[in-house]
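Come and look along with me.

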Amino acid sequence: MAMARASSGLAYPERFYAAAAYAGFDGSPNSASSVSSKFQNDTALLLYALYQQATVGPCNTPKPSTWNAVEQSKWKSWHGLANMPPTEAMRLFVKILEEEDPGWYSRASNFVSEPAVDIQTNHNPKVEPAVENGNSFPETKTISSENGRIVETQDKDVVSEGLGSIVVYDQWIAPPISGQRPKARYEHGAAVIQDKMYIYGGNHNGRYLNDLHVLDLRSWIWSKIDAKAVAESDESKSPAKITHCAGHSLIAWENKLLSIAGHTKDPSESIQVKAFDPQTRTWSILKTYGKAPVSRGGQSVTLVGMSLVIFGGQDAKRSLLNDLHILDLETMTWDEIDAVGVPPSPRSDHAAAVHAERYLLIFGGGSHATCFNDLHVLDLQAMEWTRPTQQGEIPSPRAGHAGVTVGENWFIVGGGDNKSGVSETVVLNMSTLVWSVVFSVEGRVPLASEGLSLAVSSYHGEDILVSFGGYNGRYSNEVNVLKPSHKSALQSNIMETPVPDSVSTAHNATNATRDLESELEAGQEGKIREIVMDNVDPEPMKSKGEVSSEQLIATLKSEKEELGSSLSKEKLQSIQLKQELTEAEARNTDLYKELQSVRGQLAAEQSRCFKLEVDVAELRQKLQTMDTLQKELELLQRQKAASEQAALNAKHSQGSGGMWGWLAGAPGDQREDEA
């Protein structure tokens, strides 16, 4: 049998560690000083920041003192990467190293242990279980059609991940699942917390469910959670009910699960927000403030920073909606948004995603009579709707599909058009708005279903997409996994430009004078992602002819060094601008909170002053009444005194005849006898 020796280099994360070792990083906080002799200061700082982001995570250390300029520069570089995923930091580290030292891999014999894979030629290779870091990679099965024919894959990237192992990218596989599987369902909620995928509720045979299951994405074992509900309030002794629901949204937030909205047997008037704590295994109903949206199902709920953006859905009366609401998770306050521009038509069962923490994308969905494949973008800063021009292989109309984002790419799976399920897994690059097809299935399989769920997690340092459930004539409880390759994540060639055309295409001729500064901010974030996404080894420049002029060679070298220096400065400036933007946003948030607090205090003081004024007016009125009563009392007292004096005088006059009576010879005793 003919054999060919294949050696395609190390895969991640081994390739990153080899590059880090070659560059001189030893994992200590002062490792940047060891590479200062190999790279310029700007490049060394950027490599240090990416190494820390990939190995430690986001920068949570306090800012160093201003007198230590070196440590402060290193802290700024690291802190400027914000919440960049470690996998992106790894790839960007290798990308920059390859730009600075294209031949590093060939000279890294002391750091790289090159894996070799034997591949059969002229035969279909048998995929063996991969072993990675001593752990067995789950055995995979190819998705087959309903009639049993195996779906063939085309143009798949095969990457060696360990000695004698092969892993296939861009292909849906069924991992070996064990444990107690959940009941088959669709329109359920799914979310991932710490390598565990939680499934809650859903619809089976027209009956709403309220069970909760968890799938360990490392051991691939299902288990059911016996969740309890805590009392709705301190005064209420009866526990809250775990609602049976479908068409709700399940969001992972602060190591908890938030269940928002959904269809129920006895719907409430407004949307309820429930929280599940995996530590205590309890459900609770969160108290919200403001005017909550009307209850609904089939809506989209997108986490943007510390807020949830809710759009559309279908209410309990089967009326389609296209309203927009935001729930601030810090204050738990609802806010209804009246955005300008033309919003999407009323719909449900659509998909939504956020790009650059600023742009909300809405794709597809359905009404009572038709399905859509339109794309709408909402600028969350300007609160303006636009409808951009889509490019590439535009997906067919669909509803009930599911989507997740990986970097700048929005993967969408499943859905249907009231006739059949959608077989393609598609991806949209949110910077260029170009669609492409990643994979297609055949036959009636769960991936071509409505109401399935899609979540993103990581396996051995690489992103994976995990789908569950769905309905395409029969209910499913199957799990399928796809590991997107670099190639599928960027089907179109993205050229690095100062301002990526992410949403500038969305703002057409009617908005030609949009704010250029906001575009530059998006461009600074887009640059790093474009480098990460476009992880294709640059071909070494080859001379097309013999150049005899040494002066020309020297000029080209000088220009190359100058361009390299400018690129490094631009990269560092981009990180600094992003950091300043983050700090400014944080300051604005703090000032806004302080303003709201002062407004609340002022309103309370105004209410208190008004009450005091009312009390003063009442006291004044009482005081005037008391003065009148006092005067009347004094008058009555004088009248009483006068009456008493008159009575006393009259009595005295009657009791004695006086001198004139004595002179007249009629003593008092005699007069009394005569009387």
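I began with an open sheet of 5 strands, which runs in the order 7-11-10-9-8 with mixed pairing. Strands here are DSSP runs of E, at least two residues long, and helices are runs of H or I, at least four, numbered from the N terminus; two strands pair if DSSP finds at least two bridges between them. Strand 7 (178-179) and strand 8 (189-192) are at the edges with a single partner strand each, so one side of each has no neighbour in the sheet.

A note on my source: this is a predicted model, where local features need pLDDT of at least 70 and side-chain atom pairs count only at pLDDT 80 or more, while totals for chains, interfaces and linings use all residues. Residues are numbered from 1 along each chain as its sequence is written, and side-chain values use heavy atoms, leaving out hydrogens and water.

Next I followed strand 9 (residues 196-204), which pairs with strand 10 (residues 207-216) in the antiparallel sense over 8 bridges. I found Met-197 opposite Leu-215 of strand 10.

Then I turned to an open sheet of 3 strands, ordered 31-32-33 with antiparallel pairing. Its edges are strand 31 (453-459) and strand 33 (479-482), each with a single partner strand, so one side of each lacks a neighbour in the sheet. Strand 31 pairs with strand 32 (residues 462-468) in the antiparallel sense over 7 bridges, and Val-456 faces Leu-465 in strand 32.
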